[in-house]
Amino acid sequence: MTFEILIISFQFLILCLAIVSVKMLEKMEILDVEKVIEEFEAMTKDAENVQRETLKKILEENGCAEYLQNLGLNGRTDPESFKACVPLVTHKDLEPYIQRIADGASSPILTGKPITTISLSSGTTQGKPKYVPFNDELMETTLQIYRTSYAFRNREFPIENGKALQFIYSSKQSKTKGGLFAGTATTNVFRNSQFKNAMRVMQSQCCSPDEVIFGPDFHQSLYCHLLCGLIFREEIQLVFSTFAHSIVHAFRTFEQVWEELCADIREGVLTSRIPSPSVRSAMAKLLKPNPELADLIHKKCSGLSNWYGLIPELFPNVKYIYGIMTGSMEPYLQKLRHYARDLPLLSADYGASEGWIGANINPKLPPELATYVVLPNIGYFEFILLKENVEEHVHEKVNSSFLSMEPKPVGLTEVKVGEEYEVIVTSFAGLYRYRLGDVVKVMGFHNSTPELKFVCRRNLMLTVNIDKNTEKDLQLAVEEAAKFIAEEKLEVVDFSSHVDLSTDPGHYVIFWEINGEVNDEVLKECCNCLDRSFVDAGYVSSRKVNAIGPLELRLLRRGTFQKILDHYLELGAAVSQFKTPRCVGPTNNKVLQILCDNVAKSYFSTAF
């Protein structure tokens, strides 16, 4: 009897030790945010030296690459030699090198170590995705950005060990001719084994199973994300997607399918709209009959006025909503605030398919004021000052050679507060002095590294001759004109634009999709308001002398922007990486065709 007691006691002790070990491991695996902040502060206080060391490391690791070998660096790693030998480039310049890598060339072309994965850009700027190298070093910089912004975010909005409702989607990974995996940048991150571990230590684990995230069809994945969120509604502490558009799209979809979601929860059986066996099997493990929860959700949805405050009603313990909300995402903020009520909207970090630039360490700022502190160890950064007075030089008929002159790039710590610059990136993934095409404004400095505000994409401009209107100018014009239909309790679902040069003179075309019927007189006022709201001096003066024709407002049929989204999904894009093309150029002819084929009505401005 004594021996049996000893055995039981021993087993109990082993069990206790195992529980303690698991708990200690869990405790150890929670990110030490104060340590992350401490390291960040030390690094940003010495940004100039960190930049020099980062460039040295990039060039030492990749010095044997063919691209660098041909430029005559001869082992030198200092910034002066680098700038003297290595030219500024665009993606078009590097395309032949990247294509050779994708086709399976075994020699070091852009990097010392072989590139095994290719990222596909969203394709919304040029109309087709670009190939961009992706490697372990780029994944590590991604995680560093995530950790940094999380540390500052969690200081202001602490979350406990709950779950995150993450509207994340993986596009299908394909293989290039040379056998490399190719997928969107977000897909490459989400599929990386380090991603899930990073989410765990940041207490931000997705409430949906992998089968949903990597599901075969976006519509099935979205429905199941919503369903998982409702099942774990008490545990959800944050709502996230890469872009604000995806969050708005998710809850617009919820408005259409909420009763079906309630029926699934009531019966414990997944709707037949989800045919995927792997997704159905994964959801069957989570979905059990729960009529009480179904009744609660039904009651909450029925009690809402025009879906205002939907997110906090569904998820009572959510602390904030998180995603990229600047640039082309700003137009969705009004709708997102409608769903969020008084929940904070936190803008995520600043980067591109080519790599990361900076982290948002001031999460309390509203998205419209969000700034990004450049991490000096994730790449080598240069900045080209934008010339503000090009129009004046045009008017003065200064010769073209002067206009083609460009200011010399300056280093990370040499930028001036209040100035606007184009970003130049040198990364660990084989991009050297790469023109990212983004325009940023320096808002200040954090220690010795700049805080940047994203302004616009440099090549996304509405321009006929001397006029120059950016994506932001377009957004402000649309917001002003949309006030006329807001009086009718309607809204612009989404918008885009195009410069029509087939007419003489050329003119701006603005495409609107509206969520209801509006009478012609109101839409004529909207059209005139759009025309008046472009206040760029070149535009106004050109309109007054008819050097630019009357602005045209084209009203689209409902569902047009969904067709555009579907088009990009067919090209292999992921919804979590999708950005509505705001300025549709001639190279993006398929999207332009979709827009033009779905015009219901057209109006011309009489404002000038």
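Start at the largest cavity, which holds about 70 Å³ of space. A cavity is a set of points on a 1 Å grid over the protein atoms alone where a 1.4 Å probe fits but cannot get out, and lining residues have an atom within 4 Å of a point. The volume is the space filled by probe spheres set on the points, which are joined across faces, edges and corners.

This is a predicted model, in which local features need pLDDT of at least 70 and side-chain atom pairs count only at pLDDT 80 or more, while totals for chains, interfaces and linings use all residues. Residues are numbered from 1 along each chain as its sequence is written, and side-chain values use heavy atoms, with hydrogens and water left out.

Select L138, G355, W356, I378 and S427: of the 13 lining residues, these lie nearest the centre of the largest cavity.

Next, select S149, R153, Y322, L346, S347, D349, N360 and P363, which line the second largest cavity. That cavity has about 30 Å³ of space.

Stay on R153, which lies over the face of Y322 at 3.8 Å from the ring centre. The rule for such a contact is NZ of Lys or CZ of Arg within 6 Å of the ring centre and within 35 degrees of the ring normal. Y322 also belongs to a cluster linked by ring pairs, with F157, F240 and Y320. Rings of Phe, Tyr and Trp (its six-membered ring) pair if their centres lie within 6.5 Å; planes under 30 degrees apart are stacked, over 60 edge-to-face, the rest tilted.

Last, select K163, which lies over the face of F232, 5.0 Å from the ring centre.

Definitions and conventions:
On a 1 Å grid over the protein atoms alone, a cavity is a set of points where a 1.4 Å probe fits but cannot get out, and a pocket is an open set with protein on both sides within 12 Å along at least five of seven lines; lining residues have an atom within 4 Å of a point.
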